[in-house]
Amino acid sequence: MDFLRLMQTRYTTKYYNPEKHIPEDVFQKILECARLTPSAVNIQPWHFITLESSEAKDQIFSAVPDFNRQRFKGCDKVIVLCAKTGFDKDFYARLAAKEVADGYAKKSMEADIAAGVMGYAKNRQNYESSLQWASKQVYLAMATILYAAAAYGVDSTPVEGVDIKKVDELLSLPEKGLNCLALVLLGCRSDTDSNTLDKRPKTRFDAGDILTRMK
Ligand SMILES: Cc1cc2nc3c(=O)[nH]c(=O)nc-3n(C[C@H](O)[C@H](O)[C@H](O)COP(=O)(O)O)c2cc1C
């Protein structure tokens, strides 16, 4: 599908059909798209946790406020978007080694890449905390997941409306160097979803309000 058409037609699903499931091969493709999300200096400061059954979803249900509970229960799968922070030297070494292994960089450059990325990340801290910096990259992954899902005919709900500190606790994320930022719900819309475009057409500010073109 043309990308503009995809942007015009994807929408935030409010009511899911719990009987319908995302085919495994499609879910794997969506996750692969998330993995391929770009990030500053390729730091990839994220971790994605999937909750793929009622039992798995139940683990964080108490962190979901009333207004999001119905969709959380009805969707097929949940992706917990986590920011990774507190990188150590070992992390930068692993990143550089992977870039060499993937043929992106030369072996002779490995140590320089590790040092360069670490220097860049430290410099960022003049501007913002490592969590803020990581969060921006993770939200790019959120967007990737939403658009990939739409491209494969899967409905979605981005969810900031969740007690992220409670999710951290329930999934013991800080111990793993992770912080929950948001969720993405994925599944198949209910036939009576209240938010379909025929009932609630897309609404955005006009280009004149949000775009300045300088030529
Ligand atoms: C970062 C983010 C957080 C959001 N959180 C929620 C949420 O907690 N619950 C919900 O139903 N929708 C949530 N939404 C959906 C927005 O309300 C929706 O994207 C917006 O109204 C535009 O509508 P559209 O996605 O249908 O184009 C969120 C969207 C984004 C991008």
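**The cores and the ligand shell of a predicted model**

Of the 43 residues that form the largest nonpolar core, those touching the most other members are Val80, Leu81, Cys82, Ile145, Leu183 and Val184. Several elements each supply at least two residues of this core: helix H2 (24-35), strand S1 (46-51), strand S2 (77-84), helix H7 (130-151) and strand S4 (178-187). Helix H7 gives the most, with ten residues. The structure described here is a predicted model. As a general background, nonpolar side chains in soluble globular proteins tend to be buried together.

Leaving aside residues up to four places away in sequence, Cys82 touches Trp46, His47, Ile49, Leu173, Leu178, Asn179, Cys180 and Leu181.

The protein chain as a whole may now be considered. Its secondary structure comes to nine helices and four strands, and along the sequence these follow the pattern α-α-β-α-α-β-α-α-α-β-α-β-α. The C-alpha atoms fill a box of roughly 60 × 50 × 35 Å, taken along the principal axes. Of the 215 residues in the protein chain, 31% are buried. Among contacts between residues at least 6 apart in sequence, 84% join residues at least 24 apart.

Around the ligand are Tyr11, Thr12, Lys14, Asn68, Thr157, Pro158, Val159, Glu160, Gly161, Ala182 and Lys202. Strand S3 (residues 155-159) provides the largest share of this shell, three residues. By class, the shell has four nonpolar, four polar and three charged residues.

Notes: Residues numbered from 1 in each chain as written. Predicted model: local features only at pLDDT ≥ 70, side-chain atom pairs only at ≥ 80, totals over all residues. Core = buried A, V, L, I, M, F, W, Y, C linked by C-beta atoms within 7 Å. Buried ≥ 20, exposed ≤ 12 C-beta atoms within 10 Å, placed from the backbone. Contact = placed C-beta atoms within 7 Å. Near = placed C-beta within 6 Å. Nonpolar A, V, L, I, M, F, W, Y, C, P; charged D, E, K, R; others polar.
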